Amino acid sequence: AGKRTFTMIKPDAVEAGNVGGILEQITASGFRIVALKMTQMTTADAEEFYAVHNERPFFGELVEFMTRGPIVSAVLEKDNAVDDFRALIGATNPEDAAEGTIRKKYAKSVGENAVHGSDSDENAQIEAGFHFSGREMF
Ligand code: CMP
């Protein structure tokens, strides 16, 4: 399996002051941060990043949410990074997320679910490249 994944700490978790707690849990779980920054996505950015969801009923809500404040995006390195990170964050809906997972601790709802994690090695590379230039990844 690939060694890198991409994550965003979403506006709800940034607003709530949970950036430090989430990054601490990520690094304590064996992920190495190889890229990190705070940005705010534009509507065009969010529409492009989430293009795969553009036919979904929640697309407008998703774009509105992801652009309402800053996010913290990161590229993470670990053996089996994509699958291990998805296990660490838990199910998309925090009501279904396992005890101790990041979403169980920090997410409010299926829409405002605190963190993103790539779902495949291919998407990890695409998503990291969307947010970071080569000179920002170490
Ligand atoms: P993520 O998996 O990071 O990327 C797609 C996002 O769409 C997902 O997180 C949720 O934030 C959002 N999403 C998925 N399902 C719903 C839903 N039923 N209602 C609102 N937002 C959703």
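Asp84 lies in helix α5, where helices (H or I, at least four residues) and strands (E, at least two) are DSSP runs, numbered from the N terminus. The model is a predicted one, in which local features need pLDDT of at least 70 and side-chain atom pairs count only at pLDDT 80 or more, while totals for chains, interfaces and linings use all residues. Residue numbers start from 1 along each chain as its sequence is written.

Asp84 is partly exposed, because 17 other C-beta atoms lie within 10 Å; with C-beta atoms placed from the backbone, a residue is buried if 20 or more others lie within 10 Å of its own, exposed if 12 or fewer, and partly exposed in between. Between Asp84 and Thr27 there are 57 residues in sequence and 12 Å in space, C-alpha to C-alpha.

Helix α5 (81-89) also belongs to the surroundings of another helix, since the buried residues of α7 pack against β1, β3 and α5, contact being counted when two C-beta atoms, placed from the backbone, lie within 7 Å. These buried residues of α7 are Ala124, Glu127, Ala128 and His131. They are on the same side of α7 because they cover an arc of only 100° around the axis, an arc taken over the directions from the helix axis to the C-beta atoms. In general, an α-helix has 3.6 residues a turn, so residues three or four places apart point the same way. Asp121, also in helix α7, counts as partly exposed because it has 16 C-beta neighbours inside 10 Å. Asp121 and Val82 stand 39 residues apart in sequence, yet 6.5 Å apart in space, C-alpha to C-alpha.

Strand β3 is mostly covered, with six of its seven residues buried. Six bridges join β3 (residues 71-77) to the antiparallel strand β1 (residues 4-9), and Thr7 has Ala74 as its bridge partner in β3. With β2, strand β3 forms seven bridges, again antiparallel, and here Met38 has Val72 as its partner.

The loop between β3 and α5 holds Asn80, which has a positive phi of about 60° although it is not a glycine. Asn80 counts as exposed because 12 C-beta neighbours lie inside 10 Å. Ala114, in the loop between α6 (102-106) and β4, likewise has a positive phi, near 70°, and is a residue other than glycine. Ala114, however, is buried, because 27 other C-beta atoms lie within 10 Å. For background, most residues other than glycine have a negative phi.

Methods. Pairing = 2+ DSSP bridges.
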